[in-house]
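Please look at the sequence and the 3D structure shown below, and keep both in view while reading this report.

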Amino acid sequence: SCESAAMAFLWQDTSLSPPPQLPFPSEPEEVWTGSVRALHSALQAKHGAKMLLSASKLVMLSEAFPTFGMGYVRRREITPGELLKVGDGAERNSIVLSALTHPPEACKLRNYELSDIPAPLRARLAHWAAAAQRPKRVLVLVNPTSGHKRGAQVWAEASGLFALAGVSATTVHTQRRGHAFETVLRADLANLDGVVVVGGDGTVNEVVSGLLANRRGVPGQTASIPLGIIPAGTDGTFVKFVSHNSLLKATAVILGGKWGHDRLPMDLLSVRGIGGEERLAACGVGWGVPGRVAQESEGLRDMFGVYRYTASTVRNIAGGIRAVEGTIKMRVLDGAALASALSSCGPKCAHCARVNEQLGPAEPAGRMVEVTGKFVLAGLMKTERTITPYCHLADGCFDVFAIPETDLLTLGGLLAKAASKPGVQVADPKFQHWKATWASIQPSDPNDVFNVDGEVAEGTMIEVSVSRRALTVFAAAF
């Protein structure tokens, strides 16, 4: 029958991968018969179901929408990282499971009522919350002016999921530039399991600076409290690199515990020469078009909101390409080190793991390269997936790219290549690309401006190096 075939597949499927180490690793798989009702669906009919609970998943098989004695078997799964809460159902011996599903399924909040549940099985499901090792106490910094001034709205949606998962969130809505930095600087990090940003790259930069300043100046010490981000900003370079540029997916990364994220060390860029002080960057530094975009985009916030960077970029390019002139110096990788670095970073990145088996030398490694000329745009990037697709979370280097002065058609072709298939543009001779451990930019015009993590920075010269493993992040595990 259809049902028995599905049950055979159920048993086969649950044995594909070994279960994770949970508090009950020796407990056997259990099968029982009950009923299931999907509370998140408009069709809330209760259907008989056969269920299997193992250490790694709960599988529910139900005969849905029977017609003239026929129907189809529907399969539903919940894993420990997806389960947010086990609550009481409306009937005796019933429970309600709230789960935030992870990819490859669509990321959605789903609620199921299970009936005729034996007490031991309910207890085992309750263990999953502890097994997930999700954060219990977090500080949340919400930038209400992010994007179309929707930071508060984004957090209003996400905060319900945090509460459902039993995560205590202390929320601060920032009121001015520098407020996020000051809040994190004064925070008692010892009583927190994480800091969460609801905003864009500028807010991330402030929080990162506050986390590092809160370390009380201990050199070489990683900011051990992890940073998570829920996107509400304009572009979201940082969140697209370490997590997902989607509210529900980014929330699932933080709340999924060890099934949603890896708590990984991350390098930062140390930027010197701007206003005579050091600044830290989590995304990168831009020069040329990126600098002018950062300078002009703030005035476009009310009109274009989250699209203001795009609008400013289009205006800068369509109004005539203005090149900047100067010299880029850098220490670059080559040979085997370069070959290893020209790969995509992601969950369980082999390159980052290999590099971090031992920290590199104190002085920046690589051969010196100097490039002088006119450029449409140039960047020193740490977190980027499109125009420089080979950035890595913690490999001790960053990507340098430069596009020499060119016409609009050629520039458009390069950017189209990057957007359609990241990495293809690197082989184009008009796109200059290096992996570097140190770099400096010396503009010929002292009035040139730079873009540091989406914010305007002025200076006659900048110097960028890598601050190894300076930050810990909730990095997506899916």
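S243 lies in the loop between α7 and α8, where helices (H or I, at least four residues) and strands (E, at least two) are DSSP runs, numbered from the N terminus. With a relative accessible area of 9%, S243 is buried, a word that stands for under 20% relative accessible area, while exposed stands for over 50% and partly exposed for values in between (1.4 Å probe, protein chains only). Leaving aside its neighbours within four places in sequence, S243 is in contact (heavy atoms within 4.5 Å) with A250, V253 and A476.

This is a predicted model, in which local features need pLDDT of at least 70 and side-chain atom pairs count only at pLDDT 80 or more, whereas totals for chains, interfaces and linings use all residues. Residues are numbered from 1 along each chain as its sequence is written, and side-chain values use heavy atoms, with hydrogens and water left out.

**Loop residues**

S246 is also found in the loop between α7 and α8 (247-255), and at 27% relative accessibility S246 counts as partly exposed. S246 and A232 are 14 residues apart in sequence, and their C-alpha atoms are 9.1 Å apart in space.

K430 belongs to the loop between α14 (408-420) and β18 (432-443), and its relative accessible area of 42% makes K430 partly exposed. The C-alpha atoms of K430 and P404 are separated by 6.9 Å, although these two residues are 26 residues apart along the chain. Not counting residues up to four places away in sequence, K430 touches A402, I403, P404, T410 and L414.

Most residues other than glycine have a negative phi, and most peptide bonds are trans.

Strand β6 (residues 95-100) is mostly covered, since six of its six residues are buried. I95, L97 and A99 point one way from β6, while V96, S98 and L100 point the other way.

Which strands pair with β6, if pairing requires that DSSP finds at least two bridges between two strands? Strand β5 (residues 83-88) runs antiparallel to β6 and is joined to it by five bridges, and strand β7 (residues 109-115) is likewise antiparallel, with six bridges to β6. A99 takes part on both sides, for A99 is the bridge partner of L83 and also stands opposite R110 in β7. β5 and β6 form a hairpin with six residues between them, and N93 in the turn has a positive phi of about 60°. In the loop between β6 and β7 lies P104, and the peptide bond from P103 to P104 is cis, with omega near 15°.

**Nonpolar cores**

In soluble globular proteins, nonpolar side chains tend to be buried together. A nonpolar core is here a set of buried Ala, Val, Leu, Ile, Met, Phe, Trp, Tyr and Cys residues joined through side-chain atoms within 4.5 Å. The largest such core has 47 residues, and those with the most contacts inside it are V195, V207, L211, L227, F238, M266 and L393. Helix α6 (residues 201-213) gives the largest share of this core, namely five residues. Apart from this core lies another, of 27 residues, among them A281, F375, F398 and W434. As for V195, its contacts, not counting residues up to four places away in sequence, are L139, L141, L189, V207, L211, I225, P226, L227 and G228.

**The second largest pocket**

About 330 Å³ of space lies in the second largest pocket. Of the 22 residues that line this pocket, the closest to its centre are L264, C345, G346, C349 and L393. On a 1 Å grid over the protein atoms alone, a pocket is an open set of points where a 1.4 Å probe fits, with protein on both sides within 12 Å along at least five of seven lines, and lining residues have an atom within 4 Å of a point. Grid points are joined across faces, edges and corners, and the volume is the space filled by probe spheres set on the points. At least two lining residues come from each of α7 (237-242), β12 (261-274), α13 (350-355) and β21 (462-476).

Note on methods: Two strands pair if DSSP finds at least two bridges between them.
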